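Keep the structure open while reading.

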Amino acid sequence: MSVKVVGGDSSPGRPTMRDVAALAGVGIKTVSRVVNDVPTVAPDLVARVNDAAAKLGYRPNLTASSLRRSDRRTSMIGLLLENVANPFSGAVQRAVEEVARARGVLVLTGSLDEDPVQEKNLARALIDRGVDGLLVVPAGTDHSYLIGEQRAGTQIVFLDRNPSLVAADTVRSDHRGGAVGAVAHLIDRGHRRIAYLGDRTVISTARDRHAGYLEALRAAGIGVSDELIRQDLSTSEQAAYETQAVLELPEPPTALFTSQNLVTIGALRALRAAGLRSRIAHVGFDDVLLGDLLEPSLTVVAQDPRELGHLAAMRLFARIDGDRSPAQAVVVPTRLIVRGSGELPPT
C-alpha cells in the first residue's frame, strides 16, 4: 500500500521524518517526496531515504497525514458484523477487504453480537477515529443516531438487513424469496405439516424468512399451524430443544424449515438423537460447514456472502467518491442447493 504523507511526524518514542532526513543527509521535504512516491526524486536520494527509514524502523503517522490532506480522508473504512467468527461474516469481511485493498484502504472490523448498544458504541468509535465510511450489519431497530453523522459527511451502507429511521444504501439477500422457494420445494415433495424454526424476531432477516414460510403455505392452500412455529431461537441448544418438542407433538411435522445456520445445527442434533434424519425432510437457510458430508446431505438455501460484501463495498466507495443519488436497495438472489435431506418424502 502506498501511503501519502506531506509533512513531519512528532509522535513521541517513534522515529520521525526529521530523524530519517538527518540520517540520510537530506531535507525533510525530500523524505516527504520519497514517502509519497513522487517520481522526480533522484534514484540515489530515494535509496538513501529508504535505507535510513529501514534502519530507524520509521513508519509514517497516518492520522497526521489525513489531517493534512485537503479532502480530510483517512483511507480507512469501518465494517460492523454480527460476529466475525461466523463463516458468513468471515466471507463478507474477506470480500470487503479485497475491494478496499485494491484502493489502498484499511478496513477496521468489529463484532456486534446482536447488541444494539454495541452497534451504537462501535459505530461512533469508528466515526470518531475518522473512517471515510461505514458498512453495518445492523443489530438495532433505530438508526436515527447516524443521521447527524451522514450530514457531517460519513458515508454509510447497510449490509444483509434493512436499516430503520435512516435513508441509506442497503445490500441484502432475497430472504423472503429464498424462504418461499425452500418451503415450496418441500410442498412439491408432498409435505403439508412443515415446521418452522426461526431466529430472533427482532432481526429483520428472521421476519422476512418467516414471512416467506407463511407465503409459501398460503400459496399452496395449506393452513398455518401455530404449534409448528418456533421462533426467537438464538442458540443451537434452544433450536435442538424446540425441534425435539415439535417432533413429540401428537401430529408431528414431516418436514422442517430452519431459518438460520445455528438453528439448523440444533435441529440436526435433535433429528439425529431421535433417529429421524432419514425420515424427516429438512431444508436450512444458509449453508452449514460440512453439510454436504452428512447422510443424507443437507439441502439448503444459500446466500452469496462474497457478493454481498463486494457489492456493499463498491456502493460505499461510490458514495465516498461523490455519488449523491437517492438511497438504493440492492437485492442479491439466493439459490436452493438440492442435496438429499429436502427431498425425503412424507412418512
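Q: In which helix is alanine 184 found?
A: This is a predicted model. Within it, alanine 184 belongs to the helix spanning residues 175-188. That helix is α8.

Q: Does alanine 184 count as buried, partly exposed or exposed?
A: Its relative accessibility is 26%. Buried requires under 20%, and exposed requires over 50%. Because 26% lies in between, alanine 184 counts as partly exposed.

Q: How far apart in space are alanine 184 and arginine 14?
A: In sequence, 170 residues separate alanine 184 and arginine 14. In space, the C-alpha to C-alpha distance is 63 Å.

Q: How many residues of strand β4 are buried?
A: Strand β4 covers residues 155-159 and is mostly covered. In a regular strand the side chains alternate between the two faces of the sheet. Here Gln155, Val157 and Leu159 are buried on one side, and Ile156 and Phe158 are buried on the other.

Q: Which residue of β4 is the bridge partner of leucine 135?
A: Strand β3, residues 133-136, runs parallel to β4. Four bridges join β3 and β4. In β4, leucine 135 has as its partner valine 157.

Q: Which residue in β5 stands opposite phenylalanine 158?
A: β4 also pairs with β5, residues 169-173. The pairing is parallel, over three bridges. Opposite phenylalanine 158 stands threonine 170.

Q: Is asparagine 261 buried or exposed?
A: Asparagine 261 is found in helix α11, residues 261-273. Beyond four places in sequence, asparagine 261 touches Asn86, Phe285, Asp286, Asp287 and Val288. Its relative accessibility is 12%, so asparagine 261 counts as buried.

Q: What accessible area do Leu289, Leu290 and Leu293 have together?
A: Leucine 289 is found in the loop between β9 (281-285) and β10 (299-302). Leucine 289 counts as exposed because its relative accessibility is 75%. With Leu290 and Leu293, Leu289 forms a nonpolar patch on the surface. Together they have about 380 Å².

Q: How many contacts beyond four places in sequence does the model have for residues 1-12?
A: The protein chain averages a pLDDT of 91, and 93% of the residues score at least 70. Over residues 1-12, however, pLDDT stays under 50. Where pLDDT is low, the predicted coordinates should not be read in detail. For residues 1-12, the number of such contacts in the model is 35.

Note on methods. Residues are numbered from 1 along each chain as its sequence is written. This is a predicted model: local features need pLDDT of at least 70, side-chain atom pairs count only at pLDDT 80 or more; totals for chains, interfaces and linings use all residues. Side-chain values use heavy atoms; hydrogens and water are left out. Buried means under 20% relative accessible area, exposed over 50%, partly exposed in between (1.4 Å probe, protein chains only). Helices (H or I, at least four residues) and strands (E, at least two) are DSSP runs, numbered from the N terminus. Two strands pair if DSSP finds at least two bridges between them. Patches are made of residues with over 30% relative accessible area and no salt bridge: like charges are joined within 9 Å, nonpolar side chains (Val, Leu, Ile, Met, Phe, Trp, Tyr) within 5 Å. Accessible areas come from the Shrake-Rupley method with a 1.4 Å probe; for residues, only the protein chains shown count as cover. A salt bridge is a side-chain nitrogen of Lys or Arg within 4 Å of a carboxyl oxygen of Asp or Glu. Contact means heavy atoms within 4.5 Å. pLDDT is the predictor's confidence in each residue, from 0 to 100.
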